[in-house]
Amino acid sequence: MAMKLYGLPMSTCTTRVMACLHEKGADFELVPVNLGTGEHKQPPFLSKNPFGQIPVLEDGDLTLFESRAITAYVAEKCKETGTDLMRHKSPKEAAMVKVWMEVLRVCKYPAISPVVMEYVIGPSMGKKTEQAVVDACMGKLGKVLDVYESRLSMCKYLAGDFYSMADLHHLSYMHYFMTTPCASMVKDRPHVMAWWQDISSRPAFKKMVGAMTFG
């Protein structure tokens with residue numbers, strides 16, 4: 001039975017899960033959730049996620065929410081197929097994957113997500129870009145990208161010379177970030193740019209990138 005993924009293809013968290021499912025070659029059905037009508041705040045959806053947020057994954061009698069928890073489950077459930085995103089056979093490599101997943105969550109996400117919100121998501125809802133919010137992120141994001149540039153000068157991907165969940169988790173926000181005026185921050189760092197061109201060209205991501213549009 002195919003897993004069911006409740007969400008939207010332009011949602012950064014939904015596409016994080018979709019990229020993982022595609023990398024693992026997993027069979028799933030995307031079930032659109034109409035945020036405009038507040039479907040995610042109605043009892044049927046709240047019974048799946050009491051916080052009323054997408055995505056939600058149903059696999060038989062198991063219901064999961066929070067995209068990072070979902071990708072971890074998919075990687076474990078499908079560890080014998082597709083790309084070994086968590087490097088199950090090597091404790092050292094698996095540890096490095098987790099390190100760089102945490103770097104994204106703790107260091108990069110807080111700096112990049114407001115930029116995407118102000119330049120991409122907000123305007124799609126009729127909101128004006130607050131340049132002060134963007135400017136406040138630039139210094140921190142620049143320092144994080146400098147660390148990435150150094151790291152990627154030593155290895156092809158963040159956790160080592162192998163593609164992993166650490167790279168995959170960057171795809172959604174980086175995709176939108178690269179459409180903003182701040183994209184030069186990546187383009188001016190050759191190793192970060194080469195890494196981005198590599199991970200964004202993977203077939204699993206290209207399968208869905210056409211649907212990742214707001215407005």
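Helix 5 and helix 9 are roughly perpendicular to each other (a term for angles of 65 to 115 degrees), since they pack at an angle of about 80°, with their axes 7 Å apart. The axes are lines fitted to C-alpha atoms, for helices over the stretch in contact, and the angles run from 0 to 180 degrees between N-to-C directions; helices are DSSP runs of H or I with at least four residues, and strands are runs of E with at least two, numbered from the N terminus.

The model is a predicted one, in which local features need pLDDT of at least 70 and side-chain atom pairs count only at pLDDT 80 or more, whereas totals for chains, interfaces and linings use all residues. Residues are numbered from 1 along each chain as its sequence is written, and side-chain values use heavy atoms, with hydrogens and water left out.

The axes of helix 4 (residues 91–124) and helix 5 (residues 131–152) come within 8 Å and cross at roughly 150°, which makes helix 4 roughly antiparallel to helix 5 (angles over 145 degrees).

In the largest nonpolar core, which has 61 residues, Y148, M165, F177 and W195 touch the most other members; such a core is a set of buried Ala, Val, Leu, Ile, Met, Phe, Trp, Tyr and Cys residues joined through side-chain atoms within 4.5 Å. Helix 4 supplies the largest share of this core, namely 11 residues. When neighbours within four places in sequence are left aside, M165 is in contact with C20, T71, A75, L85, M86, V97 and M101. A second, separate core of seven residues includes Y6, L8, F45 and I54.

H40, in the loop between strand 2 (28–32) and helix 2 (43–46), counts as buried at 14% relative accessibility, where buried means under 20% relative accessible area, exposed over 50% and partly exposed in between, for a 1.4 Å probe and protein chains only. Apart from neighbours within four places in sequence, H40 is in contact with V33, N34, L35, F45, L46 and G52.

Backbone geometry was also examined. A cis peptide bond with omega of about 5° joins I54 and P55, and P55 lies in the loop between helix 2 and strand 3 (56–59). E66, although not a glycine, has a positive phi of about 75°; E66 is placed in the loop between strand 4 (62–65) and helix 3 (67–77) and counts as partly exposed at 43% relative accessibility.

Terms used: Parallel < 35°, antiparallel > 145°, perpendicular 65-115°, else oblique. Contact = heavy atoms within 4.5 Å.
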